[in-house]
Amino acid sequence: MHSLTNLSLKTIVKKQVKWKIKLYISSLSSLIILQSIFGFLFFSSGSGSSGYGQQNLDLNFTIYSLDMHLFLSVFWAFISAIIFTTRAYRMDDLSVISSRTSSTIANTVIIMIYSLIAVFIMASTFYLQLLAISFLKNEPFIIDNLIFSPTLFMMCFSIICLFGAIGLLFGNCFKGPVFIKSLTSFFVMFAVFILIISPDSINLKGLIMLPNFMMSVCYLSVAAISFSLAIWIANKSEVSRT
Amino acid sequence: MTAITALLFIPFILILVIFIILRKLSKNTKKFWTPKRIIIVIAGYITLGFLAFLYFAFFYESKLTVLANSEIKQLESELKSLQRYDQEYNSSYLTKDYIKNTWEFKFEGDSLPVSIQERGNGLNFDIRLRYNDDIEKGKAVISYYQFPVIIDGLNMADQIPLPIVYMTQEQLFIEPPLENKVSYNRIKASLGIVDFNREVDLEPSISLFHYSSVLLIDVARNTELEDLQGRVTYIR
């Protein structure tokens with residue numbers, strides 16, 4: 001018979017990750033459904049368009065880029081990470097030996113793995129949408145850039161991972177000690193207030209101008225901080241500790 | 001009134017029907033969608049996406065190709081010399097490479113009246129006259145020279161419509177072309193919002209430049225051209 005004292009945290013987390021990765025897999029299918037629905041809704045409009053008028057030529061480009069797919073993945077990661085911390089999902093933790101800390105560490109690992117798979121799903125939706133357009137719309141395509149560059153792949157992964165981390169932190173904040181709940185509520189209200197009063201005060205231009213790799217490093221650093229905070233809060237809110 | 005009622009109630013009825021169907025199916029779907037099957041679906045979806053990528057990479061033939069920045073810069077520097085030739089009234093820059101269309105007309109007498117009709121945005125090309133010894137008397141050869149038009153890295157010269165040139169009652173009429181509307185889909189496996197912010201600082205000439213196209217009227221040396229609007233310039 002096993003007991004908590006005989007098992008190291010690493011072993012518990014490993015077991016939990018193995019267990020949860022199968023249990024939470026339906027969240028990835030929801031991403032596929034979400035991407036397919038929006039891909040269908042914005043079938044012919046693309047992510048953007050540009051027009052030119054030169055020498056009696058009215059030229060219009062419909063641009064198909066990854067923006068919409070990334071926004072959806074980011075939204076999905078944020079919501080899924082919050083859902084992972086809800087009571088319904090916490091009940092599943094009882095199926096294996098766990099503590100709140102080990103559960104949060106396992107969730108962190110799962111969010112990172114799912115973020116990686118989400119990038120592949122995102123890319124698949126992008127290419128499948130293009131294929132559908134080329135067969136159904138019968139309009140010519142100009143291929144500017146077909147291949148995902150490794151740095152872009154890393155950037156997409158880091159953005160999805162970041163929002164997953166923020167979602168996990170958010171979810172943990174609201175099940176943590178009272179002072180953390182109050183602090184989070186105050187922070188959210190303050191952020192909303194700043195956004196309404198002075199939206200120009202948040203300027204991401206400097207970050208966007210950085211190369212993809214540097215942007216990814218920035219996002220991953222913030223994600224690491226969010227994950228660490230989420231684990232720290234989970235550790236603080238343990239029911240009983242040995 | 002009936003239409004408004006229908007518009008309000010139809011979505012509600014649809015949602016209700018979907019809800020009832022989902023409720024009835026939920027038990028069966030829960031049994032069917034085991035983790036193993038979901039993994040198969042996800043793997044299948046990613047594989048399909050990869051196959052779609054392979055199709056575009058190896059089997060899709062694009063009609064237009066985007067020029068590299070170095071190619072565009074080279075083209076731009078070549079075309080800059082055209083302006084110098086034109087200012088010196090030297091026709092040597094009007095080579096066969098740039099000819100897009102040629103019209104031939106016959107007329108009687110020694111004079112050819114030319115009427116230029118401007119409408120809308122006006123003429124988008126220059127009109128030049130050249131006396132050519134190889135052309136017989138009573139004949140006019142009109143050639144339209146189209147230079148590269150670079151828009152967003154694409155050479156759109158082939159899409160620029162031809163001017164309308166015709167002769168009636170011994171008079172040559174030149175009219176600007178009707179607007180040509182073209183739409184293309186562009187594949188950019190990147191983030192548009194990031195690219196847009198980064199491309200603002202790029203040199204504008206790389207993404208957009210064009211030189212005025214030329215309509216050249218070749219006539220025999222003793223022919224008098226009656227330029228009714230004063231738009232024709234003589235060129236050697």
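1. Basis. Because the model is predicted, local features are given only at pLDDT of at least 70 and side-chain atom pairs only at pLDDT 80 or more, whereas totals for chains, interfaces and linings use all residues. Residues are numbered from 1 along each chain as its sequence is written, chains are lettered from A in the order in which they are written, and side-chain values use heavy atoms, with hydrogens and water left out.

2. Extent of the interface. Chain A contributes 57 residues to the contact and chain B contributes 54 residues, where contact means heavy atoms within 4.5 Å. Between them the two chains bury about 5400 Å², of which 65% lies on carbon and sulfur atoms; buried area is the accessible area (1.4 Å probe) lost by two parts on being put together, summed over both.

3. One salt bridge is found across the interface, a salt bridge being a side-chain nitrogen of Lys or Arg within 4 Å of a carboxyl oxygen of Asp or Glu. The partners are B:R186 and A:D144, whose closest N and O atoms are 2.6 Å apart.

4. The side of chain A. Helix α5 (residues 100-136) of chain A supplies the largest share of the side that touches chain B, namely 13 residues. Helices are DSSP runs (H or I, at least four residues) and strands likewise (E, at least two), numbered from the N terminus.

5. Strand pairing between chains. Strand β2 (residues 57-64) of chain A runs parallel to strand β9 (residues 180-188) of chain B, and eight bridges join them; strands pair if DSSP finds at least two bridges between them. A:N60 has B:S183 as its bridge partner in β9(B), and A:T62 stands opposite B:N185. Six of the eight residues of β2(A) are buried, so this strand is largely enclosed by the rest of the structure. Buried means under 20% relative accessible area, exposed over 50%, and partly exposed in between (1.4 Å probe, protein chains only).

6. Surroundings of B:Y89. B:Y89 lies in the loop between α3 (69-87) and β1 (99-106) of chain B and is partly exposed, at a relative accessible area of 44%. Leaving aside neighbours within four places in sequence, B:Y89 is in contact with B:T233, B:Y234, B:I235 and B:R236. B:R128 is 39 residues from B:Y89 in sequence, with a C-alpha to C-alpha distance of 9.2 Å.
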